[in-house]
Amino acid sequence: MEEIPVRVAVRVRPLLCKEILHDHQICVRQIPNTQQVIIGKDRIFTFDFVFGKNSTQDEVYSTCIKPLVASLMEGYNATVFAYGQTGSGKTYTIGGGHIASVAEDRKGIIPHAIQDPFQSLSQNSSVAFNIKVSYIEVYKEDLRDLLELETSIKNLQIREDEKGNTGKETDFSEFNQYVSE
Ligand SMILES: Nc1ncnc2c1ncn2[C@@H]1O[C@H](COP(=O)(O)OP(=O)(O)OP(=O)(O)O)[C@@H](O)[C@H]1O
Ligand SMILES: [Mg+2]
């Protein structure tokens, strides 16, 4: 069978206090010991990974993301994105909230994925690494650079060059110079 390079994980979030107060009911459940969820009484859906309402941030990271970060170190590209209706828990899971104000066990994917490479690098002193980070928000059709305040309102363009490197338009001269060194 052809290997599909896309995996889909579904995470069910618990009801919020205000939802409990308004007597909202849980409508999606994980079926124990399977990668399936059940909606209502009889609609079953299967995913590559299912995380129930008691799943932890660590569990989500270790199961789905950690292997991708490890493959980055071997030169592969990886993309993770969160998709779902408003209030479903995308920001919570991806860890895009204010990192300084988030308790250790609530830290999501981004803080974990940033810590991990530095940990592996500290264990490998024989190879020189160069790490570059950009943090870009896509909102409707607009891109905003979240690390460069002055350019945040500029109309950013994301491009792929002939070598398959993806980045902001302005990154390329520097990046290609590094790659050809
Ligand atoms: N797994 C979880 N455990 C506990 N609370 C959660 C979980 N996931 C989300 N929440 C809480 O649910 C609320 C909505 O989550 P969040 O803000 O992440 O949604 P969102 O998908 O990013 O919504 P939007 O599209 O509006 O940005 C937040 O108060 C968040 O703290
Ligand atoms: Mg959000």
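Helices, of at least four residues, and strands, of at least two, are taken as DSSP runs and numbered from the N terminus. In the predicted model, the protein holds five helices and nine strands, and their order along the sequence is β-α-β-β-β-β-α-α-α-β-β-β-β-α. The protein has 181 residues, of which 8% count as buried. Of the contacts between residues at least 6 apart in sequence, 35% join residues at least 24 apart.

The largest nonpolar core has eight residues, namely Val37, Val50, Phe51, Val60, Tyr61, Ile65, Val69 and Ile109. Two elements, β5 (49–51) and α2 (57–72), each supply two or more residues to this core. Helix α2 gives the largest share, with four residues. The core lies between domain 1 (1–53) and domain 2 (56–125), because both domains give residues to it.

The shell around ligand 1 consists of Arg13, Pro14, Leu16, Gly84, Thr86, Gly87, Ser88, Gly89, Lys90, Thr91 and Tyr92. By class, six of these residues are polar, three are nonpolar and two are charged. Ligand 1 lies between domain 1 (1–53) and domain 2 (56–125), since both contribute residues to its shell.

Technical notes
Residues numbered from 1 in each chain as written. Chains lettered and ligands numbered in written order. Predicted model: local features only at pLDDT ≥ 70, side-chain atom pairs only at ≥ 80, totals over all residues. Core = buried A, V, L, I, M, F, W, Y, C linked by C-beta atoms within 7 Å. Buried ≥ 20, exposed ≤ 12 C-beta atoms within 10 Å, placed from the backbone. Domains from an automatic or database assignment. Near = placed C-beta within 6 Å. Nonpolar A, V, L, I, M, F, W, Y, C, P; charged D, E, K, R; others polar. Contact = placed C-beta atoms within 7 Å.
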